[in-house]
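Thanks for making time this morning. I'll walk through one model, contact by contact, and then take questions.

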Amino acid sequence: MATSLKIDDALKSRIQQLAGQRRRSPHWIMLEAIQQYVEREEARESFRQEALASWAAYQETGRHLTGEDVRAWLDTWGTDDEKGVPECHE
């Protein structure tokens, strides 16, 4: 699918300069930038949706871990006494 983008002269110049430095085409630079942006925004939206689902589950059940519980658990990571996930509070 062909798509056209209108970019100002300053950005076009920056893209061309970067393309030369990276030994890539301006087309490759623009595709890479769009791909990275879309992947980052998809990950951000996934995180947001997960947070909303967690909040809804907490509101429904009241089950939770305190910050202290999580810190104590994480402090055991990589030690000989590594603990499993703590039990949630009601």
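**Salt bridges, rings and a surface patch**

Let's start with a network. R40, E41 and R44 are linked by salt bridges.

A word on what you are looking at. This is a predicted model. The protein chain has an average pLDDT of 95. How much of the chain scores at least 70? The figure is 100% of the residues. Which helix has the lowest confidence, and which the highest? The lowest is α3, residues 67–75, with a mean of 95. The highest is α1, at 98.

How many salt bridges does a search of the whole structure find? Five. Take E45 and R48 next. Their side chains meet in a salt bridge, N to O at 3.1 Å. Why is this pair about one helical turn apart? Because E45 and R48 are three residues apart in helix α2. E45 has 33% relative accessibility, so it counts as partly exposed. R48 has 43%, so R48 counts as partly exposed too.

Now a contact of another kind. E90 forms a salt bridge with R63, and the closest N and O atoms are 3.5 Å apart. This pair links distant parts of the chain, 27 residues apart. E90 lies in the segment after α3, and R63 in the loop between α2 and α3. Are the two ends buried or exposed? E90 has 69% relative accessibility, so it counts as exposed. R63 is partly exposed, with a relative accessible area of 40%.

On to the rings. How many aromatic pairs does a search of the whole structure find? Two. W73 and W77 form an edge-to-face pair, 5.2 Å centre to centre, with 90° between the planes. W73 counts as buried, because its relative accessibility is 18%. W77 counts as partly exposed, because its value is 47%.

There is also a charge over a ring. Which ring does the charged end of R24 sit over? That of W28, at 4.1 Å from the ring centre.

Next, the nonpolar surface. L5, I7, L11, I34, Y37 and V38 form a nonpolar patch there. Together they have about 510 Å² of accessible area. Which element gives the most to the nonpolar patch? Helix α2, residues 26–61, with three residues. I7, another member, is placed in the segment before α1, which spans 9–22. I7 has a relative accessible area of 33%, so it is partly exposed.

One backbone point. R23 has a positive phi of about 55°, although it is not a glycine. As background, most residues other than glycine have a negative phi. Where is R23? In the loop between α1 and α2. R23 counts as exposed, because its relative accessibility is 78%.

Last, two distances for scale. S54 is in helix α2 and counts as partly exposed, at 45% relative accessibility. S54 and H64 are ten residues apart along the chain, and their C-alpha atoms are separated by 9.6 Å. Then there is A10, in helix α1. A10 is exposed, with a relative accessible area of 52%. A10 and A57 are 47 residues apart along the chain, with 48 Å between their C-alpha atoms.

To recap: R40, E41 and R44 form the network, E90 and R63 link distant parts of the chain, and R23 has the positive phi. Over to you for questions.

How values were computed: Residues numbered from 1 in each chain as written. Predicted model: local features only at pLDDT ≥ 70, side-chain atom pairs only at ≥ 80, totals over all residues. Heavy atoms only, no water. Phe/Tyr/Trp six-rings, centres within 6.5 Å; stacked < 30°, edge-to-face > 60°. Buried < 20%, exposed > 50% of the residue type's maximum accessible area, 1.4 Å probe, protein only. Lys NZ or Arg CZ within 6 Å of the ring centre and 35° of its normal. Patch = residues over 30% accessible without salt bridge, like charges linked within 9 Å, V, L, I, M, F, W, Y side chains within 5 Å. Areas by Shrake-Rupley, 256 points an atom, 1.4 Å probe, with all protein chains shown as cover. Salt bridge = Lys/Arg side-chain N within 4 Å of Asp/Glu carboxyl O. Helix = DSSP H or I, 4+ residues; strand = E, 2+ residues; numbered from the N terminus. pLDDT = per-residue confidence, 0-100.
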